[in-house]
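Here is a short briefing on a structure with more than one part to look at. Keep the sequence and the 3D view open as you read.

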Amino acid sequence: MLELKPMLSALWRNKISAMLIALQLALTLAIVSNASVIVQDRIEKMARPTGMPVEDLIAVTFQPIAQDYDMHGAVVADLDLLRSIPGVVDATHTNQIPVSGSGSASVFHSQPNQEIGGEVSNYYETGPHFMQTLGMNLVAGRNFTPADMRVVQPNEDARTQVAIITRQMADALYPDGDALGKSFYNSNGTDPVEIIGIVERHLGAWVSWSKAGNVIFFPRLQENNFKRYMVRAEPGRRDEVLKAVEKQLAERDPQRVMHIETLSERLERSYMSDNVMVKVLSAVVTLLTFIVALGIVGLTVFWINQRRKQIGVRRALGATRANISRYFLVENSLIAVTGLALGMAGAQIANHFMVSSYSQPALSLPVLLVCALILVSVSLVAALVPALRAANISPATATRSV
Amino acid sequence: MLKMHNIRKSYRTDTIETHALRDFNLEVKEGEFVSVTGPSGSGKTTFLNIAGMLETASGGQYLLDGEDVSGLNDRDRSRLRNEKIGFIFQGFNLIPDLNLFDNIDVPLRYRGFNAKERRRRIEKVLEQVGLSARAKHLPAQLSGGQQQRVAIARALAGEPRFLLADEPTGNLDSLMARQVMELLEFINEWGTTIVMVTHDPDLARRAHRNIQIVDGQVSDLQHAVAAAEAATA
C-alpha cells in the first residue's frame with residue numbers, strides 16, 4: 001500500500017522544499033556523473049600498459065663540459081661499461097626518455113611526395129639493444145642489426161633506410177594490416193624507409209597525447225651535444241644498479257653533467273596532473289554526495305518534526321511502524337527519482353558542452369545509471385534513520401493538545 | 001465490549017513516578033453511550049489512550065470485545081485499532097495536505113481494502129455527514145463543525161464497533177457542538193458503542209451513563225446524576 005496519489009498531492013502542497021532537494025540531487029548527479037567519467041578516464045589512462053618494464057628501468061642524461069667531445073666514442077665506452085655492471089640486463093642509447101613528456105615527432109606518409117595528411121608519430125633514435133632494454137615484444141619482422149645503424153653528424157641528412165614501428169602506427173599507415181616490408185616517407189619525401197619490424201606497443205614520450213602509441217624507432221646515433229641512455233636492471237635490483245651506474249659513469253668520465261633517475265619517477269611526474277585531477281574530483285564527488293545526503297537528512301527530519309501530530313494520528317488510525325517508515329522512504333524516493341530524472345538530462349547537457357568545448361570524455365548511459373543508482377541509495381540511506389525514528393512516534397501523540 | 005480490571009498506568013522520570021491511573025475498573029457494554037468526565041489531570045486522556053490502545057497499561061487486564069489486548073505486539077494493536085476502534089479527536093486531527101476524500105481514505109488504506117471498496121465506503125460516510133459535495137476540499141476550506149463531521153466520517157468509514165471521542169465538541173461553538181452531538185447520538189442508535197471524554201456537563205448528561213475519573217480512579221455517577229435530575233425536577 002504505497003499511498004502514491006495522496007503522497008503526491010501532499011508533496012505538491014510542499015513543493016518548494018521538495019523541489020529544492022530534487023534540484024540539489026539533479027545538480028549533484030550532473031556534476032558527479034561528469035566528474036566520474038573524467039576520473040574513470042584518467043584512471044584508465046594511468047593504467048594503460050606502457051609496453052615496458054617501467055619498474056626496472058633507469059634513465060641517464062648527460063652533457064659533456066668539453067666543446068670538442070668524442071660523443072660516438074663516449075657512447076660506445078659508456079654502453080660497454082653499463083652492460084658490464086652486475087644486475088644490468090641491457091642498455092641502449094636514445095634521443096628521448098620514454099613517458100618523460102619530452103621527445104621528437106614528425107609526420108609520416110605511406111606514399112612518397114605527400115604534403116598533406118599523413119600520420120604524426122613520436123620517434124626514437126636508438127640501436128639494436130633498445131628491444132631488450134625496453135622489454136618490447138616484437139610481433140613481426142626483425143630487430144635492428146649493427147649493419148642498420150647510422151652515426152650522423154649535426155646538420156647531416158639523418159635518414160635511415162629501415163625502421164621498427166609500433167602496431168598502432170603500422171595500422172595507421174597501413175590499415176589493411178600488411179605494413180611489414182612496406183615503406184613510409186617524410187612529408188614531401190621520396191626516400192623510402194622500410195618497415196623491418198613491428199612491436200606490440202610502446203607509449204612514447206607523451207602520455208597525454210591523443211596519439212600516444214604512434215611510435216617509430218630509427219637505428220641512428222646523432223653526435224649532438226648531449227646523450228641519453230636507458231638501462232634495464234634485473235627485477236628487484238634497480239636501486240642497487242642505479243647507484244652503480246651513477247658511480248661508474250662518473251668514474252669513467254667525470255668531465256660531464258649527468259642526471260640519473262628511475263623511469264617510475266618520470267612516469268609518476270608525467271601523470272601528476274592526472275593524479276591530482278582524480279584526487280580533487282573524487283573529493284568533490286564525495287563532498288557533494290555528503291552534502292546532498294545531509295540535505296535529505298535535514299529535510300526528512302524537518303518534515304517528520306513538522307508532522308509529528310500527523311504521524312501520531314496515522315498510527316492511531318491503524319498505521320503500523322513499518323507503514324510510517326515506508327511512507328517517508330517512498331516520499332523520499334519520489335523526490336529522489338524526480339531529481340535524478342532531471343539530473344540525467346542535466347548531466348547529458350553538461351557533458352555535451354564539456355565534450356565539445358574541453359574535449360572531455362563522453363558520458364555513457366551505464367555510468368550515468370550507476371551514478372543515479374548510487375545517489376538513490378545514498379538518498380534512501382540518508383532518509384532511513386529519520387524514517388525509522390518517525391516510526392517510534394507514539395500513537396498517543398494524536399490525543400495530546402500540544 | 002470494553003472491560004478494564006485493575007488497570008494501572010504510571011509515568012516515570014529520573015526522580016518522580018506519577019500514577020495516572022490506579023486500580024481502574026470499568027465495563028462498557030455493547031451499544032452503550034458512556035461519557036467520561038473529570039477535572040484536568042485526573043487521568044481522562046490516559047484512560048482514553050489505553051482504551052484506544054494508543055498506550056499500554058503498566059498493569060492490569062484490558063479486554064476489548066472479549067480479547068485480552070494487554071500482551072499484544074505493536075502490529076496486532078495497530079490492526080485492532082484500525083478494525084475495531086474509531087477515533088474522534090478534539091482538534092479534529094485531519095491531515096491538512098489531503099482533501100476530505102483522501103483523509104477518510106487513510107484508515108481504509110491501512111485496512112487493505114481495494115480502491116473500489118474504499119470509494120464506496122468514503123462516499124457513503126460523506127453522505128451520512130452531509131459533506132458529499134465537499135469531497136475534494138481541503139480541511140482548511142471547511143468550518144470547525146464541518147471538519148469535525150469529516151473526522152466522524154473518517155472514524156465511521158471502517159465501520160468500527162467502538163467509537164472513542166476525545167472532547168469532540170471542545171473546539172466548536174454551541175450550535176455546531178449540538179449538531180455534532182446529535183450525529184453521535186444517531187451513530188449510537190445504529191448500534192455503535194461510544195465512549196466520549198468531555199468537560200461539558202450538559203453533553204455528559206446526554207450519554208446513557210457518566211463516568212467520573214478522579215485521581216486516576218473511576219466513580220460511576222449514573223445513579224448520582226439521575227438522583228440530581230430527579231431532585232431538580
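**An annotated region in chain A**

UniProt, in an unreviewed entry, places the feature "domain: ABC3 transporter permease C-terminal" at residues 284-395 of chain A. The model shown is predicted.

- Residues 284-395 of chain A are 86% helix.
- Strand makes up 0% of this stretch.

**Strand 10 of chain A and its partners**

- Strand 10 of chain A covers residues 215-222. Seven of its eight residues are buried, so the rest of the structure largely encloses this strand.
- Strand 4 of chain A, residues 119-126, runs parallel to strand 10 of chain A. Five bridges join the two. Look for Asn122(A), which stands opposite Val215(A) of strand 10.
- Strand 6 of chain A, residues 150-152, also runs parallel to strand 10 of chain A, with three bridges between them. Here Arg150(A) stands opposite Arg220(A) of strand 10.
- Strand 7 of chain A, residues 162-166, pairs with strand 10 of chain A in the antiparallel sense. Two bridges link them. In this pairing, Ile165(A) stands opposite Ile216(A) of strand 10.

**The build of chain B**

- Chain B contains eight helices and 10 strands.
- A compact globule of 233 residues would have a radius of gyration near 17 Å. Chain B has 18 Å, which agrees.
- The C-alpha trace of chain B spans about 50 × 45 × 35 Å along its principal axes.
- Of the 233 residues in chain B, 46% count as buried.
- Take the contacts in chain B between residues at least 6 apart in sequence. Of these, 70% join residues at least 24 apart.

**Where chain A touches chain B**

- How many residues of each chain are in contact with the other? On chain A there are 21, and they are in contact with 27 residues of chain B.
- On the chain A side, the elements that give two or more residues are helix 1 (4-13), helix 9 (308-316) and helix 10 (321-358) of chain A.
- Helix 9 of chain A gives the most to this side, with five residues.
- By class, the side of chain A that touches chain B has 10 nonpolar, six polar and five charged residues.

Definitions and conventions. Residues are numbered from 1 along each chain as its sequence is written. Chains are lettered from A and ligands numbered from 1 in the order in which they are written. This is a predicted model: local features need pLDDT of at least 70, side-chain atom pairs count only at pLDDT 80 or more; totals for chains, interfaces and linings use all residues. UniProt positions are given in the numbering used here, feature names are shortened, and annotations may be inferred rather than shown by experiment. Helices (H or I, at least four residues) and strands (E, at least two) are DSSP runs, numbered from the N terminus. A residue is buried if 20 or more other C-beta atoms lie within 10 Å of its own, exposed if 12 or fewer, and partly exposed in between; C-beta atoms are placed from the backbone. Two strands pair if DSSP finds at least two bridges between them. The radius of gyration is taken over C-alpha atoms; the globule rule is 2.2 Å times the number of residues to the power 0.38. Two residues are in contact if their C-beta atoms, placed from the backbone, lie within 7 Å. Ala, Val, Leu, Ile, Met, Phe, Trp, Tyr, Cys and Pro count as nonpolar, Asp, Glu, Lys and Arg as charged, and the others, Gly among them, as polar.
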